[in-house]
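Biologist: I have the sequence and the model open. Could we go through them together?

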Amino acid sequence: MKYVQSGALKPGMISLKSIYDKRGVCLLAANHELTAGIIKQLMIMEFPGLYIYDEYSEYEDLTEILDEKTRLEAMNALKTMNIDRVLYLSTEITEQLLSVEELMIDFKDLKIYHNDTYAHSLNVAMLATTCGIGLGMNNYDLQELCASAMLHDIGKRGINREILDKPGKLTPEEREIINQHPAIGYNMMYDNPAITTRARMGILLHHENWDGSGYPRGIQGDRIPLYARIIHVADVYDAMCQKRAYKEDYDPKECVEYLMANSGTMFDLHIVENFIHYLTIYPVGTDVMLSTGQKARVIKNRAKSVLRPVVMLEDKTILDLAKDRNTYNITIVGYDKVFLEGKDLEPAEVEESADVEESAESGLNSDSELADSELDLESGLESEAD
Ligand SMILES: [Fe+2]
C-alpha cells in the first residue's frame, strides 16, 4: 500500500479505500481501477491523495480501527445535528476502539475523507478516545469524552464559511470571530440535557493552553478540565496531519515532535506522553532505509513500540524490530517522505491552522457565564477522576 498524492496517480492503479466528498457521497469505491478521467476529477476537486495497492499490500496490516459504516453514520449525524445519534455513535466508536487488539492510530486511519469539519471531528474523537483508553478511563468516561470530541467544533456552524475556509493569513478581526466557536458550541449544547457538563466543558475549553495562553478563558494547568486537555492535543495533531486550503500536511514524525516540543506550554505533558504511544511514526506503507543498508517496507506497527515496526525486506523477509532480539541492533535511518512533497511551511504556521493563537476575548453570551460555576464543578470532578 502506498499513499500517492493526486498529482502522482496513474491510470491502472487500484484504490485501497473508498473515498467520499464533503456530503458523504462515494466518489470512488475501494478496489477500483483508476482511469485518466477519475484522476482528472480528483485533481479538479483538489483531493490530496489516495491509498493504492502495491506488491506489499497482501502482507501489510490494513486493519481498520473503525468500520466504514460507523464513520459515515457519525459524519452524517454531525452534519444533520442529530445529537442523539452522535451520542449513540460515541458508544459504538468507543466499543470498536476498545476491541482493537493492538490499538494504534495510523495515518491511513485519519487520511480518508475529503477534509472538512465533520471528518476532522470524527478523527479527533478517535484520537481522543484512544488517548483516554491509554489513560485507563472507564467506559462511561470514554463515551463521554468521545461525544465531547465529536462535538468540539460544532460551534463552527455559527461562523461564516468564507472565514473558516479562507486560504492565507486571517485578519485580527477574522481570528477573533473564529475564536468564538468554542463558546458558540457550548451555548448550542447548553439546553440539551443529554450532553453532560463535562462533555460541554470539553467543547468550551478545547483551545486552552497548559500555560494559560489559550482561549476563551486563558485558564491554565489542571484548571483546564481533562477532556479539554485531551481534545486539544488530538485536535492539533489531526490538524497537522491534514492538508488544508491554508496549509500543507506534515509527516508523522514532525507531528509527534511538534506535540512533544509544545508539551508543558500548549499541552499537558502527561497527556502527550501517553498519546504518543498510540501514534505511528512510520505508518504502514512507509518505505524505510535500515542501518544495515537494506531497503524495507513497514507492514505493521506495534502499540507502544512506535520506533520499532515490523518491516519487510525487498526479498520479502520479515523483520520484527520490536520483538525479535536478533534485530535489536538494526535501526531505521531514513524513510520515504511522500507526505512531505511540496511542503515548505514552518511550524509557526501550524499554530494558526489549528486555532492556537494568542488568547482572545471569548464573546461569551450571558448563558456562558454559567460556565464559570460549571468549571468549578468540573475541577472537582476532575480530581475525582484523577
Ligand atoms: Fe476548535
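Modeller: Helices and strands here are DSSP runs numbered from the N terminus (H or I, at least four residues, for helices; E, at least two, for strands). This is a predicted model, in which local features need pLDDT of at least 70 and side-chain atom pairs count only at pLDDT 80 or more, whereas totals for chains, interfaces and linings use all residues. Residues are numbered from 1 along each chain as its sequence is written.

Biologist: Fine. How many helices and strands does the protein chain have?

Modeller: There are 15 helices and 9 strands in the protein chain.

Biologist: And where is Met 81?

Modeller: Met 81 lies in the loop that runs between α2 (68-79) and α3. Its phi is near 55 degrees, which is positive although the residue is not glycine.

Biologist: Is Met 81 buried or exposed?

Modeller: Met 81 is exposed, as 12 other C-beta atoms lie within 10 Å. With C-beta atoms placed from the backbone, 20 or more others within 10 Å make a residue buried, 12 or fewer make it exposed, and counts in between make it partly exposed.

Biologist: Which other residue has a positive phi, near 65 degrees?

Modeller: That is Asn 31, again a residue other than glycine. Asn 31 sits in the loop between β3 (26-28) and α1 (36-44). It is exposed, having 10 other C-beta atoms within 10 Å.

Biologist: Change of topic: which peptide bond is cis?

Modeller: The bond from Tyr 215 to Pro 216 is cis, with omega near 5 degrees. Pro 216 belongs to the loop between α10 and α11.

Biologist: How many residues of α10 are buried?

Modeller: Helix α10 (residues 197-204) has 7 of its 8 residues buried, so the helix is mostly covered. The buried ones are Arg 198, Ala 199, Arg 200, Met 201, Gly 202, Ile 203 and Leu 204. Over the protein chain, buried residues account for 44% of the 386 residues.

Biologist: How many residues are in the largest nonpolar core?

Modeller: It has 93 residues. Such a core is a set of buried Ala, Val, Leu, Ile, Met, Phe, Trp, Tyr and Cys residues joined through C-beta atoms within 7 Å. Ala 128, Met 150, Ile 230, Val 233, Ala 234 and Leu 259 have the most contacts inside this core. Helix α11 (residues 226-241) gives the most to this core, with 12 residues.

Biologist: What is Ala 128 in contact with, leaving aside neighbours within four places in sequence?

Modeller: Ala 128 is in contact with Leu 145, Cys 146, Ala 149, Ile 230, Ile 231 and Ala 234. A contact means that the C-beta atoms of two residues, placed from the backbone, lie within 7 Å.

Biologist: Which residues of α3 and α5 meet?

Modeller: From α3, Ile 93, Thr 94, Leu 97 and Leu 98 meet Ala 125, Met 126, Thr 129, Thr 130 and Ile 133 of α5.

Biologist: Across the protein chain, what share of contacts join residues at least 24 apart?

Modeller: The share is 69%, among contacts between residues at least 6 apart in sequence.

Biologist: Lastly, what does Gly 12 touch?

Modeller: Not counting residues up to four places away in sequence, Gly 12 touches Glu 33 and Leu 34. Gly 12 and Glu 33 are 21 residues apart in sequence, yet 5.5 Å apart in space, C-alpha to C-alpha. Gly 12 is in the loop between β1 (2-5) and β2 (19-20), and is exposed, with 9 other C-beta atoms within 10 Å.
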